[in-house]
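Here is a short report on one protein model. Keep the picture open as you read.

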Amino acid sequence: MEDLKLYCYRVAGVVGLMSLNIRIPGQFYQTLRWIARTGIAAHQYFADIGKDAIIKRVYLPEELLQRHQLDRHEIISGTYNDNFVNMAEELSEITRSYYQKAHAELSKTDYHPMLPSRIMAKVYFRILTELHRKRFNIFSYPETKVSKRYKYFIAFRLWLSDQLIPKSA
């Protein structure tokens, strides 16, 4: 599962590097570390499994596939069965734990400046929840999204809750 951690760090790192200096000058490393710890990048596994399979690529950790008696050919051919669902549920639990740990580690001084990253994390967590509702059938539902309206709702709700928390110096 070290491959998963490395993937998350690199993918989240690239996203963070592209946007952090614009959004949160002076808090670059703290924010990058927080983003990498969330499931923001881990959820990409789900979002991209079907797309990657079409071009005959599989980036899932080998040990995860073996533990659930799956092979790369099954993923590439779009095999959706109990083994795939069990593997996806395990990956989902790992992803959820990343979100929970990252949220728990968020210091009060970082809380307000990281509003954009927290919004992004909530949106991706919602996508993960939708995937779970669909039993991770990414082959039949390749594009699981959150509506723009719901994204605005998440952003407004987090912004409003920020207004109720005193800003630390």
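Contact means heavy atoms within 4.5 Å. Take the contacts in the protein chain between residues at least 6 apart in sequence: 69% of them join residues at least 24 apart.

This is a predicted model, in which local features need pLDDT of at least 70 and side-chain atom pairs count only at pLDDT 80 or more, while totals for chains, interfaces and linings use all residues. Residues are numbered from 1 along each chain as its sequence is written, and side-chain values use heavy atoms, with hydrogens and water left out.

**The whole chain**

The protein chain has 9 helices and 0 strands. Helices (H or I, at least four residues) and strands (E, at least two) are DSSP runs, numbered from the N terminus. Along the sequence the pattern reads α-α-α-α-α-α-α-α-α.

Of the 169 residues in the protein chain, 43% are buried. Buried means under 20% relative accessible area, exposed means over 50%, and partly exposed lies in between (1.4 Å probe, protein chains only). The chain exposes about 9800 Å², and carbon and sulfur atoms supply 57% of that area. Accessible areas come from the Shrake-Rupley method with a 1.4 Å probe; for residues, only the protein chains shown count as cover.

**Two helix pairs**

The table sets out two packed pairs. Axes are lines fitted to C-alpha atoms, for helices over the stretch in contact, and angles run from 0 to 180 degrees between N-to-C directions.

| Pair | Angle | Axes apart |
|---|---|---|
| α6 (residues 82-105) and α8 (residues 115-133) | about 155 degrees | 11 Å |
| α8 and α9 | about 135 degrees | 10 Å |

With the angle of about 155 degrees, α6 is roughly antiparallel to α8. With the angle of about 135 degrees, α8 is oblique to α9. The cut-offs are these: under 35 degrees is roughly parallel, over 145 roughly antiparallel, 65 to 115 roughly perpendicular, and the rest oblique.

α6 passes α8 in a left-handed crossing. The crossing of α8 and α9 is right-handed. A crossing is left-handed if the near helix is turned anticlockwise from the far one by less than a right angle, and right-handed if clockwise.

Which residues meet? From α6 come S92, T95, R96 and Y99; from α8 come A121, Y124, F125, L128, T129 and H132. The residues of this α6 and α8 contact divide into 5 nonpolar, 4 polar and 1 charged. Ala, Val, Leu, Ile, Met, Phe, Trp, Tyr, Cys and Pro count as nonpolar, Asp, Glu, Lys and Arg as charged, and the others, Gly among them, as polar.

In the contact of α8 with α9, the residues of α8 include L115 and R126, and those of α9 include Y150 and W159. The residues of this contact divide into 8 nonpolar, 1 polar and 6 charged.

**Single residues**

S92 lies in helix α6. S92 counts as buried because its relative accessibility is 0%. Beyond its neighbours within four places in sequence, S92 contacts F46, L128, H132 and F136.

F136 sits in the loop between α8 and α9. F136 is buried, at 1% relative accessibility. Its phi is near 60 degrees, a positive value in a residue other than glycine. Most residues other than glycine have a negative phi.

K56 also has a phi near 60 degrees. K56 is in the loop between α3 (42-54) and α4 (62-67). Is K56 buried or exposed? K56 is exposed, with a relative accessible area of 60%.

Y150 belongs to helix α9 (residues 148-164). Y150 is partly exposed, at 27% relative accessibility. Y150 and R126 are 24 residues apart in sequence and 9.6 Å apart in space, C-alpha to C-alpha.
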